[in-house]
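I opened my notebook to record what I looked up, one topic at a time. The entries follow the order in which I read them.

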Amino acid sequence: MSFLSTLLDIQALDLASDAARTRLETLPEREALPVVAAKRVEISARLEAALADRVSREGEEGELGRQVSQIVKDLEAAEVERYSGKRKNQDEAASHKASQQQLHEKQSALEEQEMELLEAIEEIDARIRTEEAAHAASQVDQERIEQVIGKVEMEVSAELDRLAGERRAIMTSVPEKVLSTYDNVRGQAQKGGRGAAILADGRCGACRIKLPSLERTKMLASPEDALLQCPQCRRVLVR
Ligand SMILES: [Zn+2]
């Protein structure tokens with residue numbers, strides 16, 4: 001076995017490492033995470049708006065309630081005065097009646113507004129419950145996704161450690177120059193992470209080019225472990 005066949009073993013380990021990294025990079029959960037996070041931000045914003053809305057409506061409702069109690073007090077005071085035994089002339093009595101009537105009307109109007117506000121507050125409460133439920137559900141979603149990512153991260157990290165260990169164990173049997181040439185070609189774009197290729201029937205196993213016969217003869221004449229590269233794709237050729 002020449003070190004060149006060891007180079008193919010190294011390539012197999014490197015491709016397995018690439019696949020492990022790709023698995024992590026292309027994990028659907030990694031794309032899903034920012035989507036869920038953005039959704040949670042939206043839900044939080046809607047929830048906050050609903051809570052603020054509720055505070056403001058409650059304030060309005062409280063203010064109306066105070067106005068109504070004031071009217072009720074005014075009406076009571078007027079009634080007390082009316083029956084206090086103070087004599088009143090006809091004009092005074094009529095004016096008293098009119099003002100009582102006005103207060104009653106105002107009270108009804110305010111109470112109607114209050115009812116509308118209470119209904120609006122009920123609707124806001126329903127909105128708050130919906131958003132709170134959505135928020136809780138999105139939290140469960142986010143935690144589940146983070147768990148999946150964390151699990152795959154650990155698996156990939158262990159796999160990469162194992163592959164790196166195997167690579168270290170065999171790489172010492174490959175001359176530095178061959179390994180660095182292989183690494184260099186492997187790192188280039190459009191090489192599919194492959195820095196080595198099998199030479200068979202005069203063809204490069206990667207780019208499939210047929211070597212010119214002169215080149216081929218030269219290669220066959222060179223020592224078995226000589227560093228040979230494909231004239232087209234520059235991959236290290238393994239005979
Ligand atoms: Zn080639």
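**Entry on the metal site.** Before looking at any angles I wrote down the rule I would need, namely that four donors count as tetrahedral if all angles lie between 85 and 135 degrees. I also noted that what I have here is a predicted model. I then looked up which atoms hold the zinc ion, and found that the SG atoms of C204, C207, C230 and C233 coordinate the zinc ion at 2.2 to 2.4 Å. The angles that these 4 donor atoms subtend run from 104 to 117°, and therefore the arrangement around the zinc ion is tetrahedral. For comparison I noted that the ideal angle for four tetrahedral donors is 109.5 degrees.

**Entry on where the donors sit.** Reading along the sequence, I found the donor residues of the zinc ion spaced as C-x2-C-x22-C-x2-C. I placed C207 in the loop between β2 (203-204) and α5 (213-221), and C233 in the loop between α5 and β3 (236-238), so this pair ties together parts that lie 26 residues apart in sequence.

I looked up the strand order and found an open sheet of 3 strands, arranged β2-β1-β3 with mixed pairing. β2 and β3 stand at the edges with a single partner strand each, so one side of each has no neighbour in the sheet. Strand β1, which covers residues 196-200, runs antiparallel to β2 and is joined to β2 by 2 bridges. I checked the partner of A200 as well, and its bridge partner in β2 is R203.

**Entry on the helices.** I reminded myself that two packed helices are described by the angle between their axes and the distance between the axes. For helix α2 (residues 28-82) and helix α3 (residues 90-171), I noted an angle of about 160° and axes 6 Å apart. Since angles over 145 degrees count as roughly antiparallel, α2 is roughly antiparallel to α3.

I then turned to helix α1 (residues 3-25), whose axis comes within 10 Å of that of α3 and crosses it at roughly 165°. α1 and α3 are therefore roughly antiparallel to each other, and α1 passes α3 in a left-handed crossing.

Key
Residues are numbered from 1 along each chain as its sequence is written. This is a predicted model: local features need pLDDT of at least 70, side-chain atom pairs count only at pLDDT 80 or more; totals for chains, interfaces and linings use all residues. Side-chain values use heavy atoms; hydrogens and water are left out. Donors are N, O and S atoms within 2.8 Å of the metal (3.2 Å for Na, K and Ca); water is not among the atoms, so sites may look incomplete. Four donors count as tetrahedral if all angles lie between 85 and 135 degrees; four count as square planar and six as octahedral if opposite donors are over 155 degrees apart and all others between 65 and 115; anything else is irregular. Helices (H or I, at least four residues) and strands (E, at least two) are DSSP runs, numbered from the N terminus. Two strands pair if DSSP finds at least two bridges between them. Axes are lines fitted to C-alpha atoms, for helices over the stretch in contact, and angles run from 0 to 180 degrees between N-to-C directions. Angles under 35 degrees count as roughly parallel, over 145 as roughly antiparallel, 65 to 115 as roughly perpendicular and the rest as oblique. A crossing is left-handed if the near helix is turned anticlockwise from the far one by less than a right angle, and right-handed if clockwise.
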